[in-house]
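Visitor: Please take me closely through one part of this model, the strand pairing at one end of a sheet, and then through what surrounds it.

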There are 2 protein chains.
Amino acid sequence: MDSAASPLLTDLYQLNMMQAYLDHGETQIAVFEFFVRTLPERRRFLLAAGLEQALDYLENLRFSAADIDWLKSTGRFKPNLLDYLRDFRFTGDVHAMPEGTAFFASEPILRVTAPMPQAQLVETRLINILHFQSLVAAKAARCLLAAPGKLLVDFGLRRAHGAEAGLMAARASYLAGFAGTATVLAGEKFGIPLYGTMAHSFIEAFDDEAAAFEAFARARPDGLTLLLDTYDTEAAARKVVALAPKLKASGITIRSVRLDSGDLTALAKSVRNILDQGGLGDVAIFASGGLDEDSLAALVQKNAPIDGYGVGTSLTTSADVPNVDCVYKLQEYAGVARRKRSEKKATWPGRKQVWRRLGADGRMEGDILALEDNAKPGEPLMAMVMQNGQRLQPAEPLAAIRERAKRALERLPEPLRRLAPEATYLVEIAPELEELAAAVDRRMQVQMAQSKEER
Amino acid sequence: MDSAASPLLTDLYQLNMMQAYLDHGETQIAVFEFFVRTLPERRRFLLAAGLEQALDYLENLRFSAADIDWLKSTGRFKPNLLDYLRDFRFTGDVHAMPEGTAFFASEPILRVTAPMPQAQLVETRLINILHFQSLVAAKAARCLLAAPGKLLVDFGLRRAHGAEAGLMAARASYLAGFAGTATVLAGEKFGIPLYGTMAHSFIEAFDDEAAAFEAFARARPDGLTLLLDTYDTEAAARKVVALAPKLKASGITIRSVRLDSGDLTALAKSVRNILDQGGLGDVAIFASGGLDEDSLAALVQKNAPIDGYGVGTSLTTSADVPNVDCVYKLQEYAGVARRKRSEKKATWPGRKQVWRRLGADGRMEGDILALEDNAKPGEPLMAMVMQNGQRLQPAEPLAAIRERAKRALERLPEPLRRLAPEATYLVEIAPELEELAAAVDRRMQVQMAQSKEER
C-alpha cells in the first residue's frame, strides 16, 4: 500500500470531529485557509509549492474497504461515520496562489470551501504537503540568491526526512530554480534533470586513484565528473591532467571535477590553476559538502573559481528553519465569518484575497490582505483551481512554475534579495477585513455574555 | 505506485558507479557501515531506530519492467547494467544494533556485507531510513527524560516533512517510550495507541462554546477530552464544570481537558483549581502547543499540574537538530580494509563491533569500538540480522523495542539523562583498530608514491 495516498494519514481528532459533526448535522459549508502566522528572521519570504500534490490528494481521496474495516475494528466510530467514509469524495472548491509565487505571513496560499466534515478531514495532510514544499522552495531560493549564475543541484535525498521528503525536496528546489537533482525517482516522476558524479567508495575500491578515474571515465564517458578529495585533492587534480590526453585519444572528454571537503576556496583556486596549466581550462569545478546559502555566499564573495554546487542536507531538511508556523484555520462556517482568539494566535476571519502591487521598476512594492469581494490596487494572487472536487486545469508544467519563480525572485525588493534578516515587506490589512474581525469579536462577546446570563 | 518502495529512490551516482563496477568486474564483496561522525551539543546520544524498515527495503528491493524501461529510455545505461537490475536481488548480510539501543559517534549501527554493486545501490535509502528514525527516537527520548512520569503523545504529522516522515516519527517516538500518536495511519500500520481530542474549528463552528462541548461529548463519550483555549480558558473550564453533572446523568464522564496556548503553568494551576472546586478532581489536564524538551522541563520545574503533553512539530522535525552527520562508508573491499582520508572526514576501517560495559549500579560506563574479531569486556551490540538477503528473525515487536529503549534510558550516565550539553560518554578505540587504520594509511602512501614514480 502507498502510505502517502492513505486517507488514514490524518489526525485522530479529525475523525472524532467528523463523528460529532455528522451526529449533530453540522455539515454546512466551511471555509478554511492555509497560511503562515509568522516568519522567522531567516525566512523573510516563502515560495508557494506543493499545490499540485495537494490537488492530487483531494481528487483521489478514497477509503478502501480495508480502511473502513480497520476503522470499524477500532470500535471508535459509529455506522453513520463509517457509511459516510465508505462513499467519501471531496466535493469542495479550492482557491490557491499558483506555485512559485512569493508569499508572506498572514497571506493564504490555499482556501478550501467544502462541507465541514470534508474540509476538516483534509487539514492534516494539506498542511503536511504545502508546508514542506514551500519551506524547501524558499530555502532553495535563498541558495539561488546567494550564488547568482551558479549551477545548483539537490544532493539531499539521503538525509531528507524519509522517502516523500527526498522526492518532494527535489521537486520544490527545481521549481524554485535549481538545475536538477541527484534523486533518480524525481527524474522518473517529474522529468527533473539528473546529476550524478561518483563517491569516495568508488575510488577506495581501487588500489590506485588514477586507475579508478580511468575505469570510471571509460564506463561513464558522457558528462564525466571526477571526484578529487578522497586522499589528496591537488595530487588528484594532477592525475586528472595526466589522464586527460589518454582519455581524449579514446574520444572521452572530462567535463568537470568535484571537491567535497577541505577549504573549498583555496582548493578550487589551486585545482583551477593545475587544470589550466595542464590545458584543461574547459573542465568545470563543482563543489559539495555541507553547503548552505551562507557558505555559498562566502564562496562567491571570495571569488572561489567554482562553477556549480551540490546542496544537500541543509536544503532537504531546511536545516536552519526546519518548520514554520503554518496553519489551516476556519474562516467561515454556514455563511458566518469565524475567528480564533487564543492568546497570540488570533486569525483574520472571512474569505480572503491577496493583492500585490509592482513599482515602476517591476519590483514588488507591497501587498494588501483583503476580503475576497473588495477589489484593491494590484494583481490578485488567489484564483479558483478546483470546483466541486474537479480540477479546473491540468497539472501546470514545472517549466511554467520555474518561470514564475524566477520572476518572483527578480521582483523581490532588494533587502529580501540580499537575504537581510531585518528585511520587511509591507502586507497591509484592508479596512473591511479589520471591520469584519471586530464584528466577529463583538458577536462572540454578546454570545459569551448571553451564555453567562443563562447559567 | 508507492514511491517509498521504489528502487529509483537513490542517487544517480549509485547507478553510475554500478555501471562502472560491472564494466570493470569490480563485483567482489564490499563492507559498508552506517554511523554518525559527530554529535551536536543537543544530541549527546541517539537511539537506534529504523532497522525494521531498512530490512524491509533490502528484502523487497526489485526493479519493475517499467523501472527498467524508464532507465533504458534515459540513454544513460548499458545493457549489462539493465540486465543486472532486471534480476536484482539483495543477497548480502546485515549486522546491526537492535532498535532502541543508545549509540554514540563513530559507532556503527548497521553493516552491509554484499557484492559491491548491491552494497553501493542501497546506500542512499538506508541512510534516509536510519537517520530520520534514529533522530526522532533521540528527540523523543529527550522529551521523556525532561518530563518523567508524564504521558507524552506525538501530535506532529501536519508539519512533519511529508507522509513517510509523519508515519515514521510516530513509530520512532513510540518505540522510544511515547504513549502513542495522533496519526491514524500509525495505528493501522503499527498498532500504535491513538490519541485525539478536538480542534478549535469545532468550537468555532458552533455559536456557543458550551453547546460545542456538549455536542462533542455526546458524539465522542469515550475518553472524552475538551479543548479550553478557543476564547477564554478559565471561562471554558467553568463551562466544563457546569456541563459535567448533565453529562454524568447521561453516563458520560469527562476524562480530560486540553490547553493549547497562553502561559500553560498559570492556566493549568487556575484550571486545576476550577476543576477541583467543581468536583472534577479526576479530570486530567493535557497540554500542547509548540512544546519541546526545554519547555517540558520548565513546566515540570514549575510544578505545572499537567498530566500529559502533546509534542508536535519539534518532535517530528527534530527541530533543534533536524539532521546529524551520518554516513555509510566503505570499510573493506575484496578482503582488504579501506579508509577515506579526506580532511576532517577520515573513518575507522574494517568490520567493527561495539562493546558496552555496565557498572555495578547498572549504568553504562563506556564503550569500546573494536574490530569484529577482537573480544573486549562488556556486551557486544552488533549482531547478524540478515544472511544472504534473508532475515534471520521475524520483525521484532514494538513492545520489545520499547522495553529495550526504556532500559537504555535508565542505564544512561546521569549527565546524559540530565541532557547536559557538555555530557560526554567514553568511546575508546581498540588498539587493534588504531593499528589497522595506520596500516591502511601506510599502504595508501606506498601506492601513491609508486604511482608518482610511474609518471
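Guide: Strand S12 (residues 326–333) of chain A pairs with strand S13 (residues 336–337) of chain A in the antiparallel sense, over two bridges, where strands are DSSP runs of E of at least two residues, helices are runs of H or I of at least four, and both are numbered from the N terminus; two strands pair if DSSP finds at least two bridges between them. This is a predicted model, in which local features need pLDDT of at least 70 and side-chain atom pairs count only at pLDDT 80 or more, while totals for chains, interfaces and linings use all residues. Residues are numbered from 1 along each chain as its sequence is written, and chains are lettered from A and ligands numbered from 1 in the order in which they are written.

Within this pairing Glu332(A) stands opposite Ala337(A) in S13(A). The two strands form a hairpin with two residues between them, and in the turn Ala334(A) has a positive phi of about 50°. S12(A) itself is mostly covered, with seven of its eight residues buried; a residue is buried if 20 or more other C-beta atoms lie within 10 Å of its own, exposed if 12 or fewer, and partly exposed in between, with C-beta atoms placed from the backbone.

S12(A) also pairs with strand S1 (residues 29–36) of chain A, again in the antiparallel sense, over seven bridges, and here Ala30(A) stands opposite Tyr333(A). S1(A) is in turn joined by six bridges to strand S5 (residues 110–115) of chain A, the two running antiparallel, with Phe34(A) opposite Leu110(A). These strands belong to an open sheet of seven strands with antiparallel pairing, in the order S13-S12-S1-S5-S3-S17-S18 of chain A. Its edge strands are S13 and strand S18 (390–391) of chain A, each of which pairs on one side only.

Helix H6 (residues 123–146) of chain A lies across S1, S5 and S12 of chain A and runs at about 135° to S12(A); axes are lines fitted to C-alpha atoms, for helices over the stretch in contact, and angles run from 0 to 180 degrees between N-to-C directions. The axes of H6(A) and helix H2 (residues 51–60) of chain A come within 8 Å and cross at roughly 160°. That makes H2(A) roughly antiparallel to H6(A), because angles over 145 degrees count as roughly antiparallel, under 35 as roughly parallel, 65 to 115 as roughly perpendicular and the rest as oblique. Gln53(A), Ala54(A) and Tyr57(A) in H2(A) meet Arg125(A), Leu126(A), Ile129(A) and Leu130(A) in H6(A), two residues being in contact if their C-beta atoms, placed from the backbone, lie within 7 Å. The residues of this contact divide into five nonpolar, one polar and one charged, where Ala, Val, Leu, Ile, Met, Phe, Trp, Tyr, Cys and Pro count as nonpolar, Asp, Glu, Lys and Arg as charged, and the others, Gly among them, as polar.

As for the chain that holds this sheet, the secondary structure of chain A comes to 17 helices and 19 strands, and 55% of its 455 residues count as buried. Residues 24 or more positions apart account for 73% of the contacts in chain A with a separation of 6 or more. Along its principal axes the C-alpha trace of chain A spans about 90 × 55 × 40 Å.
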